[in-house]
Amino acid sequence: MSTKTDERVGKYIQDFKEKIGEEPDVNLLRNITEYLGPVVFRDDAETIASSSDSELETVKSNFLVKKLGLPNDSKLDVGLNAMLEKYGKSNRNKYRAIVYYLLTKYFDKESVFA
């Protein structure tokens, strides 16, 4: 039986393969999607406006610092920019779950979602 979360994860896997050209760790992607909860079902919140500085500050403070426990330093900007580049700067729809997945991998914090 498929749940709404399963459908979202399936959509993210497809997007990941198309835009990043790799196979994601499905369990990690599912755990991050579940962590995001109802956010993934709201169109405005499901994606990240990577051109918005305030949006990126929110990702840094709420996800990288609070959730992943990283120190708030310049490495966060480096990692965030690298992962947005990897996802494709020109790609307008960047799914929050995928951006968080990429950041989790980049900063080697998979254990947070284990």
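# Buried Contacts and Charged Pairs in a Helical Chain

At 0% relative accessibility, T104 counts as buried. The residue belongs to helix α6, and this account starts from there. The structure is a predicted model, and every value quoted below is computed from it. The mean pLDDT of the protein chain is 95, with 99% of its residues at 70 or more. Among the elements of the chain, helix α6 has the highest mean pLDDT, 98, whereas helix α3 (residues 43-46) has the lowest, 91.

What surrounds T104? If residues up to four places away in sequence are not counted, T104 touches L28, I32, F63, L68, K109, E110 and F113.

Leaving aside neighbours within four places in sequence, Y101 is in contact with F16, P24, D25, L28, L29 and I32. For D25 there is a further detail: a polar atom of the Y101 side chain lies 2.7 Å from the backbone nitrogen of D25. L28 and I32 are contacts of Y101, and both are also touched by T104.

The aromatic rings come next. In the whole structure, the count comes to seven aromatic pairs. One of them joins F63 and Y100, whose ring centres are 3.9 Å apart and whose planes meet at 15°; the pair is therefore stacked, since the planes are under 30 degrees apart. This pair links distant parts of the chain, for F63 is in helix α4 (residues 53-67) and Y100 in helix α6 (residues 96-106), 37 residues apart. Are these two residues buried or exposed? F63 is buried, with a relative accessible area of 0%, and Y100 is buried as well, with a value of 6%.

F63 has a further ring partner in F113. Their centres lie 6.2 Å apart and their planes are at 20°, so this pair is stacked too. Because F63 lies in helix α4 and F113 in the segment after α6, the pair ties together parts that are 50 residues apart in sequence. Both F63 and F113 are buried.

How many salt bridges does a search of the whole structure find? The search finds eleven. In one of them the side chains of R8 and E46 meet, with 2.8 Å from N to O. This pair also links distant parts of the chain: R8 is in helix α1 (residues 4-20) and E46 in helix α3, 38 residues apart. R8 is buried, because its relative accessible area of 18% falls under the 20% limit. E46 is buried as well, with a relative accessible area of 4%.

E46 forms a salt bridge with K11 too, at 3.1 Å from N to O. As E46 lies in helix α3 and K11 in helix α1, the pair ties together parts that are 35 residues apart in sequence. K11 is partly exposed, with a relative accessible area of 31%. E46 thus meets R8 and K11, and both of these partners lie in helix α1.

Another salt bridge joins the side chains of K86 and E22, at 3.3 Å from N to O. K86 lies in helix α5 (residues 74-87) and E22 in the loop between α1 and α2 (26-36), so the pair ties together parts that are 64 residues apart in sequence. K86 is partly exposed, with a relative accessible area of 37%, and E22 is partly exposed with a value of 37%. Finally, salt bridges that share partners join D6, R30 and E34 into one network.

Methods:
Residues are numbered from 1 along each chain as its sequence is written. This is a predicted model: local features need pLDDT of at least 70, side-chain atom pairs count only at pLDDT 80 or more; totals for chains, interfaces and linings use all residues. Side-chain values use heavy atoms; hydrogens and water are left out. Rings of Phe, Tyr and Trp (its six-membered ring) pair if their centres lie within 6.5 Å; planes under 30 degrees apart count as stacked, over 60 as edge-to-face and the rest as tilted. Helices (H or I, at least four residues) and strands (E, at least two) are DSSP runs, numbered from the N terminus. Buried means under 20% relative accessible area, exposed over 50%, partly exposed in between (1.4 Å probe, protein chains only). Contact means heavy atoms within 4.5 Å. pLDDT is the predictor's confidence in each residue, from 0 to 100. A polar contact is a pair of N or O atoms within 3.5 Å; within protein, one must be able to donate a hydrogen and the other to accept it, and residues adjacent in sequence count only if both atoms are side-chain atoms. A salt bridge is a side-chain nitrogen of Lys or Arg within 4 Å of a carboxyl oxygen of Asp or Glu.
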